[in-house]
Amino acid sequence: MKALRLYGPKDMKVDDIPVPEINDNELLIKIDSCTICGSDFRNIAAGGSAHGMDLPRVMGHEIASTIVKVGENWKDEYEVGEHIIVAAVSPCGKCELCLEGYENQCLDKQATAYNYDGGFAEYMRVPERSIRSGNVLKVSSDKLQQVALSEPLSCAINGQEIAEVKLGDSVLIVGCGPMGLFHIQLAKLNGAKQIIASDFDKNRLEIAKQHGADITFSPQEEDPTEKIKEVTNGLGVNVVIVAVPVPEIVNDALQWVRRRGRINVFGGMPKQKPEATLDLNIIHYNEITITGTSDSTARQLSIAADLISTGRIETDFMISKVVDLEEARDILVAGPQPEHIKIVVKPELSSEASKNKEDAASVK
């Protein structure tokens, strides 16, 4: 099979490797679609993850697939031909945090494309741990290209739950990348009365406006503090979602949030400089709550798949490109581009292209 594997910093190769073997406690899936995540770009640039990664490794964790082989011990629960999605995080299910319902904070968690090979390949082995922890979810939708976005949407759902976005809130989303665009749609579903979005990219702001943002602005053209005070009658917003990797914005957000407001640090920060200086007096006197968000749970993944399958969350507009493994390699090595929102990788396209070349060569 064809597989896109990471060997080192920006060193990726499309390899021909054997289809994975599975044991009686595992599943073999055929990858229909695997979308590219911002963390893929970061890990590929770094040549692996700070959490540990044995190389070479097949990357990709935003997966929609079809079961092609079922281990003997799962034949009563899964069938060949069923469509599934697989949560990125595989918890132990036994530690204190798992038992409290915070599987994404598992003290012994493993993850797709980190501890075992991911979805930038034609086939993927689903380990027993993922199945037993409830992280393999059946989906009825045939729109697997869209359903592959369930994993990133589930992370946004986690952020909205932690930030307690609710009916009547005013919400500021900083950053209109894919996650910011998910947050805009979720805030609307959660009943926010006013959704404000900021970004430097005018095209992203226009997309945000078309898909749920009531007010948009660029910090290059308008002072954020003045703008937010103007559109909230001087009060500030109830919730700020920081969906960009800029630590200083967390302190800026203290000027944008109203008393008893909430700030959610949704975006991961650069490892070289994750720190920010915060005005603790504002936090103290205005009773501000600051939270973080990382990954998601199987429950949130299930909600995400349902929202996409039923069309309550729009995804078609977010898919900028559908590519094979070769083009995916070039995109991942080059790094994120502003004109791309989400890129769908379809591994089978690489095999089809290879077969076409072989057929053409045989004709000659």
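Modeller: Volumes are the space filled by probe spheres set on the points, which are joined across faces, edges and corners. Mind that this is a predicted model, with local features needing pLDDT of at least 70 and side-chain atom pairs pLDDT 80 or more, though totals for chains, interfaces and linings use all residues. Numbering starts from 1 along each chain as its sequence is written, and side-chain values use heavy atoms, without hydrogens and water.

Searching the whole structure turns up 1 cavity of 30 Å³ or more. The largest cavity holds about 40 Å³, and its lining is Ala87, Ala88, Val89, Glu151, Ser154, Asp295 and Ser296. That makes 3 nonpolar, 2 polar and 2 charged residues (Ala, Val, Leu, Ile, Met, Phe, Trp, Tyr, Cys and Pro are nonpolar; Asp, Glu, Lys and Arg charged; the others, Gly among them, polar).

Now the second largest pocket, at about 160 Å³. Its lining includes Tyr102, Glu103, Asn158, Glu161, Ile162, Thr297 and Arg299. Two or more residues come from each of α5 and α11 (298-309), and α5 gives the most, with 3. By class there are 2 nonpolar, 6 polar and 3 charged residues. Helices (H or I, at least four residues) and strands (E, at least two) are DSSP runs, numbered from the N terminus.

That brings us to α5 itself. Helix α5 (150-163) lies across β14 (237-242), β15 and β16, at about 150° to β15. Helix α9 (248-256) packs on the sheet too, touching β11 (170-174), β14, β15 and β16, and makes about 155° with β15. Contact here means heavy atoms within 4.5 Å; axes are lines fitted to C-alpha atoms, for helices over the stretch in contact, with angles from 0 to 180 degrees between N-to-C directions.

As for the sheet, it's open, with 6 strands in the order β13-β12-β11-β14-β15-β16 and parallel pairing; pairing takes at least two DSSP bridges. The edges are β13 (215-217) and β16 (289-292), each pairing on one side only, and the twist averages 15° from one strand to the next. Strand β15 (257-265) runs parallel to β16, joined by 4 bridges, and Asn264 sits opposite Thr291 in β16.

Key
On a 1 Å grid over the protein atoms alone, a cavity is a set of points where a 1.4 Å probe fits but cannot get out, and a pocket is an open set with protein on both sides within 12 Å along at least five of seven lines; lining residues have an atom within 4 Å of a point.
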